[in-house]
Amino acid sequence: VSAVANAEERAFEAGLRPHTLSEFVGQGKVREQLTIMLEGAQARGTPPDHVLLSGPPGLGKTSLAMIMAEELGVPLRMTSGPAIERAGDLVAILTALSPGEVLFLDEIHRIARPAEELLYSAMEDFRVDVILGKGPGATAIPLALAPFTLVGATTRSGLLTGPLRDRFGFTAHLDFYHPDELTQVLTRSAGLLGVRLTPEGADEVSGRSRGTPRIANRLLRRVRDYAEVRADGTVTREVAAAALRVYDVDGLGLDRLDRAVLEALVTRFGGGPVGLSTLAVSVGEETETVEDVAEPFLLRAGLLIRTARGRVATPAAFEHLGVEPVSDPLG
Ligand code: ADP
């Protein structure tokens with residue numbers, strides 16, 4: 001994907017982002033817990049505890065971090081694990097934080113080890129020890145930091161080391177959204193974009209959005225184009241279905257990676273069982289990507305199961321791909 005497309009996509013997403021917890025659709029329990037936490041902190045006049053958000057991409061982790069900062073009326077600083085290669089990168093960010101600021105650290109499980117170790121004291125005591133010099137003559141200079149709230153995001157909290165996980169006062173897991181919730185997301189987005197979307201049109205799109213608000217919004221954009229070019233501009237069920245056919249979005253909304261994984265499992269490995277790393281190699285992806293990005297939805301959709309001997313395609317997977325099962329893969 002080109003950088004231009006990415007910038008456009010980011011601008012589009014930014015325009016649709018919820019700004020308050022009440023605008024944030026679904027995830028009722030997490031929303032309630034965060035509301036209480038934020039109100040408690042505000043009443044005490046201290047920054048809230050550090051928050052760890054886990055869950056597949058596109059479910060609202062970044063949005064929640066932005067909402068927290070907005071509701072607290074404090075600035076937000078955004079960075080990511082892969083962007084912090086050396087401890088010094090993190091020191092520069094931490095020492096520049098203003099009191100109460102929210103620091104969003106995306107893909108926190110990918111932070112470099114020396115930086116992670118610095119994060120421990122930063123989170124616990126708002127202090128970092130900067131090491132000056134090398135070898136026996138090296139000295140540690142303690143630097144006080146302004147109190148801040150770290151919001152870490154990860155596709156899977158199990159990827160974090162124990163000491164890092166323990167330093168979060170609040171951990172929440174975001175789950176895939178119910179189609180009714182995605183219908184709400186779509187209706188809200190259509191309102192913001194000025195798209196005429198009928199309730200049936202919204203249902204058609206929400207059922208194929210892979211349980212993910214980001215995908216729902218993305219599909220809305222495609223469907224809007226189609227409605228404007230090939231119809232009278234209104235997104236009805238028929239228009240939505242026709243548009244999604246053109247864009248190869250299947251009935252379950254599986255994306256390219258989901259389909260590749262499922263097809264490899266069903267056709268190349270006869271439905272499994274096959275080890276995760278073998279499956280990942282066969283689709284040319286990192287094991288971690290397959291496990292964190294594709295697998296959660298395939299599991300949730302009942303297309304794949306994990307067994308002690310490896311991944312196995314369910315009869316529903318064969319049916320979805322229109323492939324005759326060879327034999328019972330578990331037999
Ligand atoms: P993540 O950080 O988990 O990858 P984001 O917070 O970037 O996900 O969400 C992607 C997009 O999906 C956002 O731009 C936002 O418009 C939309 N979105 C996510 N969660 C919600 C929600 N609960 N309600 C409304 N829109 C949402």
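**Figure 1. Glutamate 107 in the loop between strand S3 and helix H5.** Glutamate 107 sits in the loop that runs between strand S3 (102-106) and helix H5 (113-125), where helices (H or I, at least four residues) and strands (E, at least two) are DSSP runs numbered from the N terminus. Although glutamate 107 is not a glycine, its phi is positive, at about 45°. With a relative accessibility of 29%, glutamate 107 counts as partly exposed, a class that falls between buried (under 20% relative accessible area) and exposed (over 50%), as judged with a 1.4 Å probe and the protein chains only. The model shown is predicted, and for this reason local features need pLDDT of at least 70 and side-chain atom pairs count only at pLDDT 80 or more, whereas totals for chains, interfaces and linings use all residues. Residues are numbered from 1 along each chain as its sequence is written, and side-chain values use heavy atoms, with hydrogens and water left out.

**Figure 2. Phenylalanine 126 in the loop between H5 and strand S4.** The loop between H5 and strand S4 (127-132) holds phenylalanine 126. Phi of phenylalanine 126 is near 50°, a positive value in a residue other than glycine. The relative accessibility of phenylalanine 126 is 24%, so that this residue counts as partly exposed.

Figure 3. The shell around the ligand comprises 18 residues, of which Val25, Gly58, Lys61, Thr62 and Ser63 come nearest; a residue is near a molecule or strand if one of its heavy atoms lies within 4 Å of it. Helix H1 (3-16), helix H3 (61-72) and helix H9 (213-230) each supply at least two residues of this shell. Divided by class, the shell has 9 nonpolar, 5 polar and 4 charged residues, where Ala, Val, Leu, Ile, Met, Phe, Trp, Tyr, Cys and Pro count as nonpolar, Asp, Glu, Lys and Arg as charged, and the others, Gly among them, as polar.

Figure 4. A polar backbone atom of glutamate 13 is 3.2 Å from an oxygen atom of the ligand, and a polar backbone atom of glycine 58 is 2.7 Å from an oxygen atom of the ligand. From the side chain of threonine 62, a polar atom lies 2.5 Å from an oxygen atom of the ligand. Taken alone, the ligand exposes 560 Å², and the protein buries 97% of that; accessible areas come from the Shrake-Rupley method with a 1.4 Å probe, and for residues only the protein chains shown count as cover.

**Figure 5. The nonpolar cores.** The largest nonpolar core has 67 residues, and those with the most contacts inside it are Leu34, Val51, Leu64, Val151 and Val261; such a core is a set of buried Ala, Val, Leu, Ile, Met, Phe, Trp, Tyr and Cys residues joined through side-chain atoms within 4.5 Å. H9 gives the most to this core, with 7 residues. Not counting residues up to four places away in sequence, leucine 34 touches Leu21, Val51, Leu64, Met68 and Phe170, contact being defined by heavy atoms within 4.5 Å. A second, separate core of 24 residues includes Ile93, Leu103, Tyr120 and Ala122.

**Figure 6. Helix H10 and the residue just after it.** In helix H10 (residues 237-246), the residues Val239, Ala240, Ala241, Ala242, Ala243 and Leu244 are buried. The buried residues of H10 pack against helix H8 (199-206), H9 and strand S9 (234-235). Just after H10, aspartate 248 takes a positive phi of about 60°.

**Figure 7. Arginine 208 in the loop between H8 and H9.** Arginine 208 is found in the loop between H8 and H9, and with a relative accessibility of 13% this arginine counts as buried. A polar atom of the side chain of arginine 208 lies 3.0 Å from the backbone oxygen of valine 249. When residues up to four places away in sequence are not counted, arginine 208 touches Leu219, Ala241, Leu244, Val249, Asp250, Gly251, Leu252 and Gly253.

**Figure 8. The cis peptide bond between glycine 272 and proline 273.** Glycine 272 and proline 273 are joined by a cis peptide bond, with omega of about 5°. Proline 273 lies in the loop between helix H11 (256-268) and helix H12 (276-282).

Conventions: Polar contact = N/O pair within 3.5 Å; in protein donor to acceptor, adjacent residues only side chain to side chain.
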